[in-house]
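Please look over the sequence and the structure shown here before reading on.

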Amino acid sequence: MLKFLSKVKIEFNALDPRVASCMEFLAQCNARKAKESNPACQVLVKRRTDDFPPQITVTFVNGVEEAFDATSTPAQSIRTMILEKGQHLETEQMFREAGEKWPVIIPEEELHEFAPGTKPGVCVSPNPSSSMGF
């Protein structure tokens, strides 16, 4: 998970009963396998004394920052989102390294063409509700 991130900032008040997600996410970040995947990733913990709600902010290796309300977002959901976006980043990098334009635009008529090795009549179309933007 950390291999896609340059920084993780976990903020919480230790006396706040809603810190479970922060503590679980911190444990995941401190796991040996996670640390070995990206030793350069900064994991910062800010212990607060005010009523600020628990929050987890991640910065991806491409500089995009995303903050999560840890009172309502389970640590596993945050981890899953990071892995999904990380796969998207890897795909983008692979296309750019191959000299291809990104994002890849597939003409509408090609989406409905028969592809060898697939069942005829099966149409694959982009999912407009996808959070990945494709």
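What follows is a report on the fold, the core, the charged pairs and some local features of this structure.

## Basis of the report

The model is a predicted one, in which local features need pLDDT of at least 70 and side-chain atom pairs count only at pLDDT 80 or more, while totals for chains, interfaces and linings use all residues. Residues are numbered from 1 along each chain as its sequence is written, and side-chain values use heavy atoms, with hydrogens and water left out.

## Overall fold

The protein chain has four helices and four strands, where helices (H or I, at least four residues) and strands (E, at least two) are DSSP runs numbered from the N terminus. Read from the N terminus on, these elements follow the order β-α-α-β-β-β-α-α.

Of the 134 residues in the protein chain, 29% are buried; here buried means under 20% relative accessible area, exposed means over 50%, and partly exposed lies in between, with a 1.4 Å probe and protein chains only. The protein chain exposes about 9,100 Å², and carbon and sulfur atoms supply 55% of that area, which comes from the Shrake-Rupley method with a 1.4 Å probe; for residues, only the protein chains shown count as cover. Among contacts (heavy atoms within 4.5 Å) with a separation of 6 or more, 67% are between residues 24 or more positions apart.

## The nonpolar core

The largest nonpolar core has 24 residues, and those with the most contacts inside it are Val8, Phe25, Val58 and Ile82. Such a core is a set of buried Ala, Val, Leu, Ile, Met, Phe, Trp, Tyr and Cys residues joined through side-chain atoms within 4.5 Å. Strand E1 (5-12), helix H1 (20-30), E3 and H3 each supply at least two residues of this core, and H3 gives the most, with five residues.

Which residues does Ile82 contact, leaving aside its neighbours within four places in sequence? Ile82 is in contact with Met1, Phe4, Leu5, Phe25, Val58 and Phe60.

## Strand pairing

Strand E3 (residues 55-60) and E4 pair in the antiparallel sense over five bridges, where two strands count as paired if DSSP finds at least two bridges between them. In this pairing Thr57 stands opposite Ala67 in E4. E3 and E4 form a hairpin with four residues between them, and Gly63 in the turn has a positive phi of about 95 degrees.

## Salt bridges

Side chains of opposite charge can pair when their charged atoms come close. A search of the whole structure finds seven salt bridges, each being a side-chain nitrogen of Lys or Arg within 4 Å of a carboxyl oxygen of Asp or Glu. One of them joins Asp16 and Arg18, whose closest N and O atoms are 2.7 Å apart; Asp16 is buried, with a relative accessible area of 11%, whereas Arg18 is partly exposed at 38%.

Lys85 and Glu66 also meet in a salt bridge, at 2.7 Å from N to O. This pair links distant parts of the chain, with Lys85 in helix H3 (residues 75-97) and Glu66 in strand E4 (residues 65-69), 19 residues apart. Lys85 is partly exposed at 25% relative accessibility, and Glu66 is partly exposed at 22%. Glu92 and Arg96 form a salt bridge too, at 3.0 Å from N to O, and because Glu92 and Arg96 are four residues apart in helix H3, they are separated by about one helical turn. Salt bridges that share partners join Glu11, Arg48 and Asp50 into one network.

Where does Asp50 lie? Asp50 is found in the loop between strand E2 (42-47) and E3, and counts as partly exposed at 34% relative accessibility. The C-alpha atoms of Asp50 and Asn13, 37 residues apart along the chain, are separated by 6.9 Å.

## Cysteines and a cis peptide bond

A search of the whole structure finds zero disulfides, a disulfide being a pair of cysteine sulfur atoms within 2.5 Å. Cys29 is in no disulfide, and the nearest cysteine sulfur, that of Cys41, is 6.9 Å away. Cys29 is buried at 0% relative accessibility, and Cys22 is buried with a relative accessible area of 0%.

Most residues other than glycine have a negative phi, and most peptide bonds are trans. Trp102 and Pro103 are joined by a cis peptide bond, with omega about 0 degrees, and Pro103 lies in the loop between H3 and helix H4 (108-111).
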